[in-house]
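Reader: I would like to go through the labels used for this model and hear what each one rests on. Please set the values against the cut-offs.

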Amino acid sequence: MLQDKLIECVPNFSEGRDKSTIDAIAQSIESVPGVKILHIDMGQDAHRTVITFVGYPEACKEAAYRSILTGTQLIDMRTHQGAHPRIGAVDVFPFVPLVNTTMQEAIDCVLEVAQRVGSELLLPVYLYNESAKSADRKNLGDLRSGEYEGLAQKLTTPTGQPDFGPSTMNERSGALIIGARKILIAYNINLNTKEVSIAKKIASRLREKNGGLAAVRAIGWYMPEYHCAQVSTNLVDIGQTPLHQVFNMCTSIAKEYGADTVGSELIGLIPEQCLIDTTDNAIPENKMSREDKVTVAINILGLNAVKPFYPDQHIIERLLNPGPLNNS
């Protein structure tokens, strides 16, 4: 696989409680020759599932369309409630150039899928990040502003017009945000408090747009499943801000509010180097093997605190190596 042209897709579906729905979406992806699902992360409180799959560019386009079709058929946004912000049944669909592919190739895939979804499924479709047609549409949070509940009003405004599809509200499915981007780390940090206000204050100070860490998005919320408040972050460019810097700053700010961090969780997959860098930052000039560094990083970050973290299931390189794409 590592000699092929590969795209990574990381769609987020607004369903985290009904496994049969997620199974059906996964089956729609796996029905396409030339793709492979690497990881499925269901979140009950967020009411959201993140599926990570890789494949050849042409195969990813078809798998994306089929999964969007299935998601819109099975998920009804009129009854959806969850902790995570969302604008549609298939909330956001990133394409990431992974192996031997360029960002432009990922953008080309996005544009073809976006046009097809808009015309065939009659969904309003917004382009974001590297695929955005204007600078004010690059940021996912800005595009998602108002969420599903504010979408009907947004579609009546000049600034809320979709890039593809109709400018009318699809009450069942909402809208789709799709784009090409770099590898992103979705990373949540647990606090030893149930006070959401503390999590929100920490998140506000972490956010890049508030003068915090570069390329970091963050929100604060309460997770009943874990009985604690969380700072939920997206690291949109790990070359600018590494994982350990986010964790360390979050810990430092939490102490100012009389709280502390009690581990963290990863949503989806992570490059191994992020964990290596965490250990090297904490223990400079160590002579540990890469495997030992991974183990130490898991302990430093508390990645096993609320749910198990298995390196062979969560580190992307280890999932790419074992075998071929399905039916190929």
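This is a predicted model: local features need pLDDT of at least 70, side-chain atom pairs count only at pLDDT 80 or more; totals for chains, interfaces and linings use all residues.

Reader: Which parts does the pair of Glu105 and Lys5 tie together?

Author: Glu105 belongs to helix H3 and Lys5 to the segment before strand S1 (6–9), so the pair links parts that are 100 residues apart in sequence. Helices (H or I, at least four residues) and strands (E, at least two) are DSSP runs, numbered from the N terminus.

Reader: Is Arg86 buried or exposed?

Author: Buried means under 20% relative accessible area, exposed over 50%, and partly exposed in between, with a 1.4 Å probe and protein chains only. Arg86 has 3% relative accessibility, so this residue counts as buried. Arg86 forms a salt bridge with Glu147, with 3.2 Å between the closest N and O atoms. Glu147 is partly exposed, at 26%.

Reader: What makes Asp260 partly exposed?

Author: The relative accessible area of Asp260 is 24%, and partly exposed lies between the limits for buried and exposed, so the label applies. Asp260 also forms a salt bridge with Lys255, where the closest N and O atoms are 3.3 Å apart.

Reader: What makes a set of residues a nonpolar core?

Author: The members are buried Ala, Val, Leu, Ile, Met, Phe, Trp, Tyr and Cys residues joined through side-chain atoms within 4.5 Å. The largest nonpolar core has 40 residues, of which Phe53, Ile68, Phe93, Phe95, Val117 and Ile178 touch the most other members. Helix H3 (residues 103–120) gives the most to this core, with seven residues. Another core, of 34 residues, lies apart from it and includes Tyr187 and Leu213.

Reader: Why are S9 and S11 at the edges of their sheet?

Author: Two strands pair if DSSP finds at least two bridges between them. The open sheet has four strands in the order S9-S10-S8-S11, with antiparallel pairing. Strand S9 (216–223) and strand S11 (261–267) each have a single partner strand, so one side of each is left without a neighbour in the sheet.

Definitions and conventions. Residues are numbered from 1 along each chain as its sequence is written. Side-chain values use heavy atoms; hydrogens and water are left out. A salt bridge is a side-chain nitrogen of Lys or Arg within 4 Å of a carboxyl oxygen of Asp or Glu.
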